[in-house]
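Subject: Structure handover

Hello,

Here is the structure I said I would pass on. Please look through it before reading the notes, which follow below.

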Amino acid sequence: MNWGKAIVLVFVLFAGFIGTMVVRMSRQTIDLVRDDYYQDEMAYQQQIDRVANAREFDPATYIQYQTETQQVKLRLPDSLQRGTLTLYCPADRKQDVRLPLTASTQVITVVPMQKRQRGLWRAQLAWFDGKREYYTERELILP
């Protein structure tokens, strides 16, 4: 094989590689923005207040991922009257889990994660104690 054929072969292989990568990347779905992002922005000051109220609470005491059992263990605050636990998967919104919480919900709640996508998750806990609203968030990595 001479140099001319080798150069043409390298260009053809490179073009094939680039074409393959373009096709693979265009088929991948990426959910970067929520459908309701505008409404979320309008309520952002309320969210800032909720986070400020919850600063005295450590999210690790409320939300824990147990690797051996592949479960998210949630310990609810004693003062909870109502709330929501959202397990948010940034890579795939179809995997998101939203659990309503009430005063009658068990103090220790377990959410199984065996069949969930591996990777980064955000556990978002919002609750109301009758006087103030609180919000805390913790990142979890499912191996």
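Two strands are counted as paired if DSSP finds at least two bridges between them. Please keep in mind that this is a predicted model.

On that basis, strands S4, S3, S6 and S7 make an open sheet, in the order S4-S3-S6-S7, and the pairing is antiparallel. Its edges are S4 (97-102) and S7 (133-142), each of which pairs on one side only. On average, neighbouring strands in this sheet are turned by 15 degrees against each other, direction ignored. Strands of a sheet pair through backbone hydrogen bonds, either parallel or antiparallel.

Within this sheet, S6 (residues 119-128) is joined to S7 by ten bridges in the antiparallel sense. If you want a place to look, tryptophan 121 stands opposite leucine 140 in S7.

Helix H3 covers residues 44-53, and Gln47, Arg50 and Asn53 are buried in it. Viewed down the axis of H3, the buried residues fall within an arc of 120 degrees, so they line one face of the helix. An α-helix has 3.6 residues a turn, so residues three or four places apart point the same way. Among the elements that cover the buried residues of H3 is S7.

There is also an open sheet of three strands, ordered S1-S2-S5, again with antiparallel pairing. S1 (63-66) and S5 (108-112) are the edge strands; each has a single partner strand, so one side of each has no neighbour in the sheet. The twist from one strand to the next averages 25 degrees.

Aspartate 78 lies in the loop between S2 and S3 (82-88). Is aspartate 78 buried or exposed? Its relative accessibility is 75%, and exposed means over 50%, so aspartate 78 counts as exposed. Aspartate 78 and alanine 103 are separated by 25 residues in sequence, while their C-alpha atoms are 8.7 Å apart in space.

That is what I have on this structure for now.

Regards

How values were computed: Residues numbered from 1 in each chain as written. Predicted model: local features only at pLDDT ≥ 70, side-chain atom pairs only at ≥ 80, totals over all residues. Heavy atoms only, no water. Helix = DSSP H or I, 4+ residues; strand = E, 2+ residues; numbered from the N terminus. Axes fitted to C-alpha atoms, helices over the stretch in contact; angles between N-to-C directions. Buried < 20%, exposed > 50% of the residue type's maximum accessible area, 1.4 Å probe, protein only. Arc of directions from axis to C-beta. Contact = heavy atoms within 4.5 Å.
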